[in-house]
Amino acid sequence: MGNKQTIFTPEQLDAYQDCTFFTRKEILRLFYRYRDLAPQLVPLDYTDKPDVTLPYELIGSMPELKDNPFRQRIAEVFSEDGEGNMTLDDFLDMFSVMSEMAPRDLKAYYAFKIYDFNNDDYICKSDLEKTVNKLTRNELTPEEVTLACNKVIDEADLDNDGKLSLEDFQHMIIRAPDFL
Amino acid sequence: MGKKRKCALEVIMEDVGIEIDGQIESDTDSEEHTGIFIAHDRKKTEMKMDWRQNDSKIRKSQWQDYTQLYPYKDEAKKKIPKKQPRREAVRPNRLEREKRQKIEDKKEDEEEESKEEDNGPRQNRASKRKTLQRKNNDGKMAEKGVSRKRERDKKTSTKEQKDSENKEKKTNKEKGKEKENKEKKERRSSTPSTSNSSDEESLSEEELAMLMEQVEQKKKLISTMRNKPWRMAKKLSMLREAQAFVEKFEGALGKGKGKKLYAYKMMMAKKWVKFKRDFDNFKTQCIPWEMKIKEVESHFGSSVASYFIFLRWMYGVNLVLFGLIFGLVIIPEVLMGMPYGSMPRKTVPRAEQATAMDFSVLWDFEGYIKYSALFYGYYNNQRTIGWLKYRLPMAYFMVGISVFGYSLMVVIRSMARNANESTGEGDDENFVFSWKMFTSWDYLIGNPETADNKFASITTSFKESIVDEQESNKDENIHLRRFLRVLANVLIICCLCGSGYLIYFVVKRSQTFSKMQNIGWYERNEVEIVMSLLGMFCPPLFETIAALENYHPRIGLKWQLGRIFALFLGNLYTFLLALMDDVNEKLAEEDVLKNLTQWTLLSHHNSSTGNGSTATPPPLDPADVPRGPCWETTVGIEFVRLTVSDILVTFVTILVGDFIRACFVRFVNYCWCWDLEAGFPSYAEFDISGNVLGLVFNQGMIWMGSFYAPGLVGINVLRLLTSMYFQCWAVMSSNVPHERVFKASKSNNFYMGLLLLILFLSLLPVAYTIMSLPPSFDCGPFSGKKRMYEVIQETIELDFPVFVAKIFSYVANPGLIIPAILLMVLAIYYLNAVSEAYQRANAELKKKMQMLREEEKNKRNNKASTNSAMQDLEDLFKPNTKNENQPKQVEDKKIEPPNKTSPTGKQGKVAAEDVSPINGRRGVALTPPLHVLVTRPPMPGVRTPYPGQARPGPYPQGPVPWRGRGHPRYPHAPR
């Protein structure tokens, strides 16, 4: 109990609970996870909102992300600076969206951002190629990759502009049985 | 002063114009227009101001307040003559902030204007009083203005977020803001009066309602904050502001008595929210093994975790059943019933007493355990026990029924909930590649080995579908696959029939064996041996055959589960058959013994009285009374034995098959001729289907047995608890992830379906025994009755008034029951028909959508060949033709107020067009605010038809790019 009081004020915890899908305990647990990444950097007192940022190298080495082919993108999308360096707020944000309580719409939105490698608000062919290559660790031939990308565009592109907009993406992914 | 202000406005507008590239002329144009307009108004107000000098002073001070709050504006005011330096001062700021600030300023100015303008006439009416009041309230006013502004800002951004789907694109934002500015101008006419009059404590209904609405909006925002895809910092600040706003204004709502009540209500609501949150926190803490399951999930994928979640769910259900049975049956009996040894059914017979405490006897659930409250036979048929007059037989019966009732309810409820959550199960074949691309990675994987497997499986699945796609002669492939699937099913049905016949044959044989004397060990245990051999060899055989079918592992798992389930049903069938034989035998024996017991008691009585003593004869020791076989207890013991042996077999299998094997592979690998880890024995995979089925069948045993052995549920709870820990440990320590890791669908309705089937199957024998077998005459709560259910009739007759008995007899009349059943069947038929119709309609709609899509594609492809002039023409007429496809836009248009038709038409067209990325987005971005506009009552303010609004000024750039870019785009389109 005493520990809790020193890390966050009750108001901060309440605010975090309003802004994420987590309970108080989970927020604290996440804080400790965050702190464990760099105990020397992160203070144990967050009541005065210290400006601490952890570099991507530390974030990407978490077991949750370590084996994920999109870990860099995830870190970039959720970090304030777009480089993958995260503050505690970004960190909580990321886990909140990834948690199972988050609604599918929200997840779809962030999934879109993750797959949009060049940040142009569209998933274009180059993004798709990157996705495939990351998913298969470059084991497909270039022809196969292009074929797959073309098929995706063909299937999901509703307005025929040769790339997927957020609406296309949501329309497609909301129907997917595997997208939870 | 007025002139100066106008200049400032102009400057600011120009700046904005510069920021919005390409719009400068039109924008400044329109703003100048406004400026003039404002100036004009200003003159009017100034004229009125001259009436009273007081006021201008006040206004000045007010103005100063504002400038203090917004130093930037102050700056603007001062540096009006020299435009250049001012801009330079602004430039270092970030672009966006700059814009926002400017727009805020603009807002500020206009707000000010309108306020004054509004005040004008009023002051005419009641000048003196108001002046005084105003003097007093000056500071407050400024404050309020600030808060209002802030709130509006917030609203701006919320709307913006909603509108533009949160794409923070520059142009878009600009547009949105301008639009909202306009809205604000419209709204403005009403808001300032709100703030003014709120000081006068004469809130009109309308304003009150508006404020209320705003508060409600804020609250809604707070509650949906977590769903907003914003940065945490933004969310936090929004939250704080919204909370502050609610805090501030909800007290102001209502007046007099209503005010107090309102405040009280708000306070209670706040308390309630806090309590709910605490309760939720508590609830999530109460969910056991969350971490353990998550860990398993990260290592083995969600399919393995789904088993553990199922196990946990099962544990919860069993805990409830355990509470029911222990609380209502066992504990009352132990506390209030006759103690052990007081009567024959509660005493170990004399012949068994010597060995009753031996472990081997106890292990068979004989001896003391058999004569304990764990089994049916121990209970007395006394109607009421203890000082509470607790009706134990009645309670026993009702608990037995409610165990089934509760289980049925829980299973069906969770099935229904799962069905709601599941999303169509992906019957769309449209997005094969897209889904593979975007949803094949399991984001829960946190283990390099699993990740490797996943990579490999994704690669193969991609290759497979590419090969599928490339093959032009697809039909042949489909035929082959169909043939293989049919073949596999035929083979498996043959296997099932064969094993079914084998079981039947063996059971028949065992019945003849049981009549023979001196038979060997093999003959006695033939059925068990055959059953376990089948159970050992059939599932792998099925799996081998299933490889022919080439299903997705998730579907394959379901098939495998169904097939093994069918095989295990044979097991159940033999068990029940043997049990029924046993029961019938016992029943025959009972008839003989019943007479013997009576005779013994009689003779004892006679012998004691025959001796001539007049005193009451010493009662026969309960251990010496001959007693019946008590078939219910026998059945209960069978079930308990089966459960315990099942537990042991499961644990030993895990220990030997997984753990010892893993140890062997791990450590002997150093000195072996081939690679054990990669080669033959390797590590075991977690057998999902086997484990799930084991759990389901075990639960069936519990349901069947709990009526005869109330203690069985307690044993089961222990079993589930230990197996949770044990299996978690075993899976983490000695199993490897599946070769094809796959995600379990969130709704494990298939498991639930199996469970429901088993529940139904296990309900049948219990119902049969309750309804049609006579209970034992000397043991159990129903002894002495012809049938078990007579306990209900007895209770109704003795404990309820006569009319209840009458009603009951009417209700139980077959003349009433048969129509009721008929009615139910009809209702089911009707509902089924309705749901089918809905499904058909759904499919129809889906088809239609598909058609439309195809049509649109074709149209576009055709259009690509036409020249650009024609295209432009077509674009002009598009809204009319396309509106059918865009019902939402049509709706929007319909509710549109008439003065906005021209921009909306434009938007509708743009949205319907959906060709250009920018335009498409803008269409989406602009439509929702129109809703907002419509929901708000149109204000009769002077400014409502804002000059800039009537024209397509805010997005003059709109049509240009897609006309320009539209043409070269078409060649890119597929096909």
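The talk below goes through labels and the values behind them.

Reply: Keep in mind that this is a predicted model. Ask away.

Me: What makes B:Asp278 and A:Arg24 a salt bridge?

Reply: Look at the closest N and O atoms, which are 3.2 Å apart. The cut-off is 4 Å, between a side-chain nitrogen of Lys or Arg and a carboxyl oxygen of Asp or Glu. The pair lies within that cut-off, so the label holds. The count between chain A and chain B is one salt bridge. The count of residue pairs in polar contact between chain A and chain B, with both at pLDDT 80 or more, is one as well.

Me: What is the area buried between chain A and chain B?

Reply: About 6900 Å². Carbon and sulfur atoms give 57% of that area. Why speak of area at all? Because the size of an interface is often given as the accessible area lost when the parts come together.

Me: Why are B:Lys283 and B:Asp280 called a salt bridge?

Reply: Their closest N and O atoms are 3.8 Å apart. The limit is 4 Å, so the pair qualifies. Both residues sit in helix α12, residues 256-286 of chain B. They are three residues apart there, which means a separation of about one helical turn.

Me: Why are B:Lys283 and B:Asp280 called partly exposed?

Reply: Buried means under 20% relative accessible area, exposed means over 50%, and partly exposed is in between. B:Lys283 has 46%, so it is partly exposed. B:Asp280 has 38%, so it gets that label too.

Me: What about B:Glu290 and B:Arg312: buried or partly exposed?

Reply: One of each. B:Glu290 has 27% relative accessibility, so it counts as partly exposed. B:Arg312 has 17%, which is under 20%, so it is buried. Their side chains meet in a salt bridge at 3.0 Å, N to O.

Me: How do you know that B:Lys785 is buried?

Reply: Its relative accessibility is 14%. That is under 20%, so B:Lys785 is buried. Its salt-bridge partner B:Glu794 lies 3.8 Å away, N to O. B:Glu794 has 23% relative accessibility, so it is partly exposed.

Me: Which residues are linked with B:Lys785 and B:Glu794 in a network of salt bridges?

Reply: B:Arg383, B:Arg391 and B:Asp799 are. Over all chains, the count comes to 13 salt bridges.

Me: Why is helix α11 of chain A called largely enclosed?

Reply: Because six of its eight residues are buried. The helix spans residues 166-173. The buried ones are A:Leu166, A:Asp168, A:Phe169, A:Gln170, A:Met172 and A:Ile173. What covers them includes α8 and α10 of chain A, together with α17 of chain B.

Me: Which residues of chain A does UniProt list for "domain: EF-hand"?

Reply: The unreviewed UniProt entry lists residues 103-138 and 144-179 of chain A. In the model, residues 103-138 are 67% helix and 0% strand. The end C-alpha atoms of that span lie 32 Å apart.

Me: How do you know that B:Ser783 is buried?

Reply: Its relative accessible area is 2%, which is under 20%, so B:Ser783 is buried. B:Ser783 lies in the loop between α26 and α27 of chain B. A polar atom of its side chain lies 3.2 Å from the backbone oxygen of B:Gly780. Leaving aside neighbours within four places in sequence, the contacts of B:Ser783 include B:Arg345, B:Asn381 and B:Phe777.

Me: And B:Thr384: buried or partly exposed?

Reply: B:Thr384 has a relative accessible area of 22%, so it is partly exposed. The place of B:Thr384 is the loop between α15 and α16 of chain B. B:Thr384 and B:Gly337 are 47 residues apart in sequence. In space they are 9.2 Å apart, C-alpha to C-alpha.

Methods. Residues are numbered from 1 along each chain as its sequence is written. Chains are lettered from A and ligands numbered from 1 in the order in which they are written. This is a predicted model: local features need pLDDT of at least 70, side-chain atom pairs count only at pLDDT 80 or more; totals for chains, interfaces and linings use all residues. Side-chain values use heavy atoms; hydrogens and water are left out. Buried area is the accessible area (1.4 Å probe) that two parts lose on being put together, summed over both. A polar contact is a pair of N or O atoms within 3.5 Å; within protein, one must be able to donate a hydrogen and the other to accept it, and residues adjacent in sequence count only if both atoms are side-chain atoms. Helices (H or I, at least four residues) and strands (E, at least two) are DSSP runs, numbered from the N terminus. Buried means under 20% relative accessible area, exposed over 50%, partly exposed in between (1.4 Å probe, protein chains only). UniProt positions are given in the numbering used here, feature names are shortened, and annotations may be inferred rather than shown by experiment. Contact means heavy atoms within 4.5 Å.
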